[in-house]
Amino acid sequence: MGNVLVWMVWFLAAGACLGSGIAVVSLNNPFYSALALIGNLASLAVLYLLLAAEFLAAAQVLVYGGAVMVMFLFVIAYLGGRADAPWAGGSPVLQTAAVVAACALLVEVVVVLGLAWGDDLRDPAEVSDSFGSPAAIGELFLTDHLLAFEITSIVLLVAAVGGVVLGTTRERAADVGAGHGRPLQRRSDEERR
Amino acid sequence: MSGPGVGWYLIVAAMLFGIGSLGVMLRRSPLIVLLSLEIMLNGGNLALIAFARQLGNLDGQIFALTVMAVAAAEVAIGLGLIVAMARRDMTLDVDQASVLRG
Amino acid sequence: MIAGAWICLLAPLGGALAITLTGPWISRRTAGWISTLTTFLAFTGALVAFLGLWSRDTEEREQLSTAYTWLAAGDFQVGLEILVDPLAVAMMLVVSGVGGLIVWYSMGYMAGDDEERRYFAYMSLFVFSMLLLVQAGNFLLLLVGWGLVGLASYLLIGFWHKRPEAVAAAKKAFVMNAIGDATFVLAIVLLVWNTGTLELPGVFGEVDGLSETTVNLVALGLLGGAVAKSAQIPLHTWLPDAMEGPTPVSALIHAATMVTAGVYLLVRTHPIFEAAPDIQSLAAILGTVTLLVAGLVALVQWDIKRVIAYSTMSQIGYMFLGAGIGAYGFAIFHLMTHAFFKALLFLAAGVVIHHLGGEQDIRRMSGLKAALPRTHVAFLIGTVALVGLPPFAGFWSKDAILASALETGGALGWTLFIAGLAGVLLTGAYAFRLYFTVFQGSSQEAAQPTHAHEAHGEGPLSMLVPVGVLAVLSTIGGLFSIPGVWHPFTHWIEETGEPLVEATAGQDYLTSAIAVALGIVGLLLARGAFLRGSQLVTPPSAWRVFEHKFYFDELYDALFYRPAAALASALRRNVEEPVIERSLDEIGSGTIFASGELARVQTGLLRTYALSIAFAVCVLVVVFVAVR
């Protein structure tokens, strides 16, 4: 009985995941794409829970859904109409090649999985209840993977600084125009191409 | 473990990765490209966590957590770039931004 | 005694080095004196060596002296070693003696030339090289001397390097000698390979142990070198052209010494030739053919030096004949007497040329008897000695060789004998043709000497004294071997090489009688033609053939030069220009093209980069899976 429930939840979550993924990639309105991504992240969190990764599921929702997506939505709001995203365009060769590459990748992975399905992927290990708990993760972070922990924090610091730099230095130049662009700037951009 | 085996999760992860790569290669708006990147990263995360469960080793989850942090940082920078592009009234089209200079 | 030999070898080298190093700071006459005196010093050293050797018993007359060992590899050793034995000493005396006289003569002949110092440096270099050649105690040193005389010859033939004919002649001489050098080197390689040593006595001791093919090949190689160096057929065409050099050079190198190096080699390596009798007979045959051909060609030459050059070729043919049948002593004896009278002829001709301000065409010379009385006598002595009339030098030596040919008997012996006698007839004819044309008859108006030379008569002392000395030697020099009476010279040489044939006194006298008769017949023919005012060779076809030197030059040109030149220009057209030169351009433009194509990868489009990454990942996955 519990098994059936798990399978059902799994199918629902997986379906939502893939569906929202396709939505993200194919919708024209970026706002809708962002919302679809939020759905994607949520269903992924469910899948993580099924894989005994509770802390990660929580982190996914909080960090990705709560912070990253909010950032996305802010920017989309700032951009307004300019954020409208046309579909592909460009050379058809490029497009077919892209599709081919993605399919090839998928096929390869499926093949590998198929080859390993019988033996390597048979029985998952027995895990305790504390597998994936915050305590376990925290312990690992502060002992075995301390270096990764510290470096990640540095990366985040650098990203924050970079964000500020990208934001502020253009401020003085942006003050001149009225936001509709400076003909000078535009021409120089086009000249450069 | 009840429910689907690890292999199923891996298939989902692979499909997510494929969808994300299609988005990166086929869409012209940098915003959508970033979003697709996120999907690819999430696919990778799912695979990591699935293997962590399979092998009973938490290292996979640690890795996935780190990936999450780095993805967040990367998104921040990417959005900063898009905002900078918008501020200079450049068309938000990756095909146009082909000069690749400062 | 050994010290004498070393002094003989090194004095001219010292002279050459002294002149070279102090060149700009010494006067031209000083250079001349340095060269002359060092050569005479060498002669003194040779004399000391000779006397020392003479005072010893016969068994001790072979001395090997090593200065230092240059190369030692296992059992194989080669060094700077000289061999002092009767043959070597005889050659040393001839080379340094006649050489000294000629260098002294050059002081007068070359006076006033711009580059006298270079000339004397080269002359001393040559004397050193020739002495090295005759004194060498091992084959390697002999080869060194061999090559150096070739070099000196090249330098001296092309001495007046602003004349294109001289340069061409020098190159021709060098290239033909190089062919001989190549065969010589091959022979030496075979010797080293099979005997393990290069020392002359050592090699000769091992000759019996060599296989027949090896010995034949070695002898053939040595013969090739000798033929090239001595200007015998087929490698003879360089000698007439070599007359482009100054007359003393012609006298020293191309009459008395260098061209006789081939004969020396044949006599020195006679053990090898005796083990390869066919090759030895070949040497005699080549010598005989050359003797006849050269004699015929000399009948139609107009250049005074060229007549004497062909005469040299012919006389060396006699020496080859002698060495080829095994009459070593007489071959070397003829070498010595020939050195005397041929150098005399050249130097006397040089006086004539000098007197006439450079004129060498005998059609423009006549009746010089009155203007140059002493030279006339000298020239006459030389001519008579050449033809072989008693009691002058040539008579004793040449007839001894012919008598040995008679003694050899068989088909070969008789053929050589008859041919040799025919050669005597030709010699008489061309030699006296030359004498009569130049010295007899009425003096021409056009041949009046320039005023500069009238001032000092026939020539300076430095030119006349050597001529005089050589004239004396040409008269009495043959008396070292009187058949049936005493043979000091040949006995001396025979210690080094036992002759294979010894003519009886009766054969000697018979041969001499016939030869003298033929010589006089030649004289009368020449005189008759001269008095008639015509030439000896009248049929135009014969004249043409002789004048073209039997078309050897044309043959070699067609056989060797034209194909080589055609090949070279074909290669240049088809390989050098399109492939190599163009390829350099292509490398440049190709690089530019390639980099342009490569730059097209950088599209600037984000999506193509992403695409390529995706493809790369696909490939890598396959690779990873396959590897596992």
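This is a predicted model: local features need pLDDT of at least 70, side-chain atom pairs count only at pLDDT 80 or more; totals for chains, interfaces and linings use all residues.

**Entry: the cores**

The largest nonpolar core has 202 residues, and Leu131(C), Ala331(C), Ala343(C), Leu344(C) and Leu347(C) touch the most other members. I then checked which element gives this core its largest share, and α15(C) does, with 19 residues. There is also a second, separate core of 75 residues; it includes Ala45(A), Val6(B), Leu22(B) and Met68(B).

**Entry: helix α21 of chain C**

I tested the helix length next. At 1.5 Å a residue, the 16 residues of α21(C), residues 461–476, should span 22 Å, and the end C-alpha atoms are 22 Å apart, which agrees. I listed the buried residues of α21(C): Met463(C), Pro466(C), Val467(C), Leu470(C), Ala471(C), Leu473(C) and Ser474(C). Looking down the axis of α21(C), I see these buried residues within an arc of 165°, so they line one face of the helix. What do they pack against? The partners of the buried residues of α21(C) are α3 (86–109), α15 (328–355), α17 (373–387) and α18 (393–408) of chain C. On the face turned away from the buried side, I noted the exposed residues Leu461(C) and Ile476(C).

**Entry: helix α25 of chain C**

Where does α25(C) bend? I found a bend of about 45° at Glu576(C), with a proline, Pro578(C), following within four residues. As for cover, α25(C) has hardly any: the count of buried residues among its 48 residues is zero.

**Entry: chain A by itself**

Chain A has seven helices and zero strands. I counted up burial as well, and 23% of the 193 residues in chain A are buried. Among contacts in chain A between residues at least 6 apart in sequence, 54% join residues at least 24 apart.

**Entry: where the chains meet**

How many residues does each chain bring to the contact between A and B? I get 84 residues from chain A and 66 residues from chain B. On the chain A side, the elements giving two or more residues are α1 (2–26), α2 (30–50), α3 (54–79), α4 (92–117), α5 (134–142), α6 (146–176) and α7 (183–192). The largest share of that side comes from α3(A), with 13 residues. By class, the side of chain A that touches chain B holds 60 nonpolar, 17 polar and seven charged residues.

**Entry: Gly56 of chain B**

My last stop was a loop. Gly56(B) is found between α2 (30–55) and α3 (59–87) of chain B. Is Gly56(B) buried or partly exposed? I count Gly56(B) as partly exposed because it has 14 C-beta neighbours inside 10 Å. Leaving aside neighbours within four places in sequence, Gly56(B) is in contact with Ala125(A), Glu126(A) and Val127(A).

Terms used:
Residues are numbered from 1 along each chain as its sequence is written. Chains are lettered from A and ligands numbered from 1 in the order in which they are written. The expected span of a helix is 1.5 Å times one less than its number of residues. A residue is buried if 20 or more other C-beta atoms lie within 10 Å of its own, exposed if 12 or fewer, and partly exposed in between; C-beta atoms are placed from the backbone. The arc is that of the directions from the helix axis to the C-beta atoms. Two residues are in contact if their C-beta atoms, placed from the backbone, lie within 7 Å. Ala, Val, Leu, Ile, Met, Phe, Trp, Tyr, Cys and Pro count as nonpolar, Asp, Glu, Lys and Arg as charged, and the others, Gly among them, as polar. The bend at a residue is the angle between axes fitted to the seven residues ending there and the seven starting there. A nonpolar core is a set of buried Ala, Val, Leu, Ile, Met, Phe, Trp, Tyr and Cys residues joined through C-beta atoms within 7 Å.
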